[in-house]
Amino acid sequence: MYFRRALTLDRQFLSAWTLMGHEYVEMKNTHAAIESYRRAVDINRKDYRAWYGLGQTYEVLEMHLYALHYFQRAAALRPYDKQMWQALGACYEKIERPVQAIKAYKRALVAGMAYIEPAASSSFGSSIASSGEFNTNVFLDPELLFPIALLHEKLNEFEEAAAFMELVLAQEEGPGSVHPDEISQGASQVAEGDGDPVAGADGDVGGTGVTVTTSRARMWLARWAFSKGELKRAMEFATELCEDGFEVEEAKALVRDLRARMESLGK
């Protein structure tokens with residue numbers, strides 16, 4: 001109601017149109033939200049909030065190609081905004097374009113480092129942008145690393161998937177907790193870090209601890225090790241899940257399978 005009053009006084013009030021669009025999305029009135037956002041971009045073509053809002057609204061309507069277009073516009077206006085690239089990556093996933101999704105998620109990882117002090121971000125940012133490698137001394141969002149790993153798995157790039165799953169686990173302890181030599185074969189995706197751990201975009205150098213995402217990554221790695229015949233390593237992952245994880249029942253079942261396999265092999 002207040003936004004309408006504001007627009008009665010000034011039909012060119014950009015923020016009122018954008019905020020009214022947000023409110024309509026919350027009310028699940030998608031058609032009114034689209035109209036509000038369109039009025040906002042008619043007033044200012046550089047209002048990334050309205051473009052992003054249009055993308056979100058079309059996502060709700062499951063019109064993913066439209067959403068993709070609007071998220072691309074928003075990301076072009078806010079190239080260092082992690083949220084824009086994450087939304088773009090998720091949209092590419094939904095339309096079955098895994099290669100583009102991986103690129104978008106990696107851009108989100110880069111964007112998450114945009115506000116690190118220049119001395120730290122200059123080398124790290126350029127490293128990712130040019131070679132796709134990731135510094136283990138920098139906190140990386142596991143909610144971005146995990147879908148990247150799954151997308152590599154979807155492309156049958158299992159070594160790369162394993163490397164990113166290892167990176168997900170590394171975030172439990174925080175930056176610098178895992179030496180690059182400890183990361184399995186796909187570690188061509190990981191660059192050695194120099195010096196002290198670098199804070200993330202929010203300034204926090206602490207780890208995430210055990211989360212649903214890191215538990216899922218640990219389960220994936222346990223199964224991966226099992227499939228490769230690395231039974232002891234698989235047992236380590238599965239035991240950790242049984243003790244402190246969110247996949248306890250699956251982990252217990254895997255432990256039973258591993259014990260049966262070890263017994264059959266006399267290990």
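Me: What makes the 23 Å reach of α11 close to the expected value?

Reply: Happy to go through it, bearing in mind that this is a predicted model. α11 has 16 residues, and at 1.5 Å a residue the expected span is 22 Å. The expected span is 1.5 Å times one less than the number of residues. From first C-alpha to last, α11 reaches 23 Å, so the two values are close.

Me: Why is α11 called mostly covered?

Reply: Buried means under 20% relative accessible area, and 12 of the 16 residues in α11 are buried. Among them are Thr213, Arg218, Trp220, Leu221 and Phe226. The cover over these buried residues includes α9 (142-154), α10 (158-173), α12 (231-243) and α13 (248-265).

Me: Why is Val210 called partly exposed?

Reply: Its relative accessibility is 28%. Buried would need under 20% and exposed over 50%, so a value in between counts as partly exposed. Val210 sits in the loop between β2 (190-191) and α11 (212-227). Its C-alpha is 9.2 Å from that of Gln171, 39 residues away along the chain.

Me: Which residues touch the most other members of the largest nonpolar core?

Reply: Those are Leu88, Leu221 and Leu258, in a core of 67 residues. α11 gives this core its largest share, eight residues. Beyond its neighbours within four places in sequence, Leu88 is in contact with Leu68, Phe71, Gln72, Ala75 and Ala104.

Key. Residues are numbered from 1 along each chain as its sequence is written. This is a predicted model: local features need pLDDT of at least 70, side-chain atom pairs count only at pLDDT 80 or more; totals for chains, interfaces and linings use all residues. Side-chain values use heavy atoms; hydrogens and water are left out. Helices (H or I, at least four residues) and strands (E, at least two) are DSSP runs, numbered from the N terminus. Buried means under 20% relative accessible area, exposed over 50%, partly exposed in between (1.4 Å probe, protein chains only). Contact means heavy atoms within 4.5 Å. A nonpolar core is a set of buried Ala, Val, Leu, Ile, Met, Phe, Trp, Tyr and Cys residues joined through side-chain atoms within 4.5 Å.
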